[in-house]
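Have a look at the chain below before reading on. The notes after it walk through a few helices, some ring pairs and a cavity.

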Amino acid sequence: MDFIEWDDSLSVKVNEIDDQHKQLIRLINELYKAKKEGRDKNFLLPILDELINYSFVHFTTEEKYFIRFRYPETEKHQRAHSGFVDKVTDFKEAYYDGSATLSDDLLEFLKDWLINHIKGEDRKYIDFFQKKGLK
Ligand code: FEO
């Protein structure tokens, strides 16, 4: 069983965005699995890099639609995105220079943040995007 399992309760009813969320889940699961297998930093850092880069790609996609459709909660949602990227980037730098370890707490944070964000902030745009014809 994976660390995070996708199910329909995570769907935001837009295929492109659901696919991106699945990719983020896949990367967090990869990180979890690699840690459990006792992989070293040289193995874990590229996964962490990919997670940061792909988060950026995903957030940019949502924000592109926010701007295109003038989504009223754009600023608040963007702040949540930047907070996540800043936190994970800070961690990656500390991990890289040896002042932090990849802890279970960090993995739990990644899991909880993503699930809570999808079921909280992301879910709020479902009706709005559907009214704009996004599928
Ligand atoms: Fe799917 Fe707002 O991140």
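## Helix α3

The buried residues of α3 pack against α2 and α4. Keep in mind that this is a predicted model. The buried set in α3 is made up of Thr74, His77, His81, Phe84, Val85, Val88, Phe91, Lys92, Ala94 and Tyr95. If you're wondering about the spacing in that list, residues three or four places apart point the same way because an α-helix has 3.6 residues a turn.

How far apart are the end C-alpha atoms of helix α3? They are 35 Å apart, which agrees with the 34 Å that its 24 residues (74-97) should span at 1.5 Å a residue. Just past the end of α3 comes Gly98, with a positive phi of about 90°.

## Helix α1

Now for α1, which covers residues 15-36. Its 22 residues should span 32 Å at 1.5 Å a residue, and the end C-alpha atoms sit 31 Å apart, which agrees.

Which helices do the buried residues of α1 pack against? The partners are α2, α4 and α5. On the α1 side, the buried residues are Ile17, Asp18, Gln20, His21, Leu24, Ile25, Leu27, Ile28, Asn29, Leu31 and Ala34.

## Rings that pair up

Across the whole structure, a search turns up 17 aromatic pairs. One of them joins Phe66 and Phe129: the ring centres are 6.0 Å apart and the planes meet at 35°, so this pair is tilted. It bridges distant parts of the chain, with Phe66 in helix α2 and Phe129 in helix α5 (residues 126-131), 63 residues apart. Are these two residues buried or exposed? Both Phe66 and Phe129 are buried.

Another pair is Tyr71 with Tyr125, whose ring centres are 6.4 Å apart with planes at 80°, so it counts as edge-to-face. Tyr71 is in the loop between α2 and α3 while Tyr125 is in the loop between α4 and α5, so the pair ties together parts 54 residues apart in sequence. Tyr71 counts as buried at 5% relative accessibility, because the cut-off is under 20%. Tyr125 is buried as well, with a relative accessible area of 0%. Ring pairs join Tyr65, Phe66, Phe69, Tyr71, Tyr125, Phe128 and Phe129 into a cluster.

## A closer look at Phe129

Phe129 belongs to helix α5, and its relative accessible area is 0%, so it is buried. Leaving aside residues up to four places away in sequence, Phe129 touches Val14, Ile17, Glu62, Tyr65, Phe66, Phe69 and Leu134.

What about Lys92, from the buried set of α3? Phe129 and Lys92 are 37 residues apart in sequence, and their C-alpha atoms are 33 Å apart in space.

## The cavity

How many cavities of 30 Å³ or more are there? The count is 1, and the largest cavity holds about 30 Å³ of space. Around it you'll find Leu24, Ile28, Leu51, Ser55, Phe59, Phe84, Trp113 and Leu114.

By class, that lining has 7 nonpolar residues, 1 polar residue and no charged ones. Helices α1, α2 (41-69) and α4 (104-119) each give at least two residues to the lining, and α2 supplies the largest share, 3 residues. From α3, the buried residue Phe84 is also on the list of lining residues.

Terms used
Residues are numbered from 1 along each chain as its sequence is written. This is a predicted model: local features need pLDDT of at least 70, side-chain atom pairs count only at pLDDT 80 or more; totals for chains, interfaces and linings use all residues. Side-chain values use heavy atoms; hydrogens and water are left out. On a 1 Å grid over the protein atoms alone, a cavity is a set of points where a 1.4 Å probe fits but cannot get out, and a pocket is an open set with protein on both sides within 12 Å along at least five of seven lines; lining residues have an atom within 4 Å of a point. Grid points are joined across faces, edges and corners, and a volume is the space filled by probe spheres set on the points. Helices (H or I, at least four residues) and strands (E, at least two) are DSSP runs, numbered from the N terminus. Ala, Val, Leu, Ile, Met, Phe, Trp, Tyr, Cys and Pro count as nonpolar, Asp, Glu, Lys and Arg as charged, and the others, Gly among them, as polar. The expected span of a helix is 1.5 Å times one less than its number of residues. Buried means under 20% relative accessible area, exposed over 50%, partly exposed in between (1.4 Å probe, protein chains only). Contact means heavy atoms within 4.5 Å. Rings of Phe, Tyr and Trp (its six-membered ring) pair if their centres lie within 6.5 Å; planes under 30 degrees apart count as stacked, over 60 as edge-to-face and the rest as tilted.
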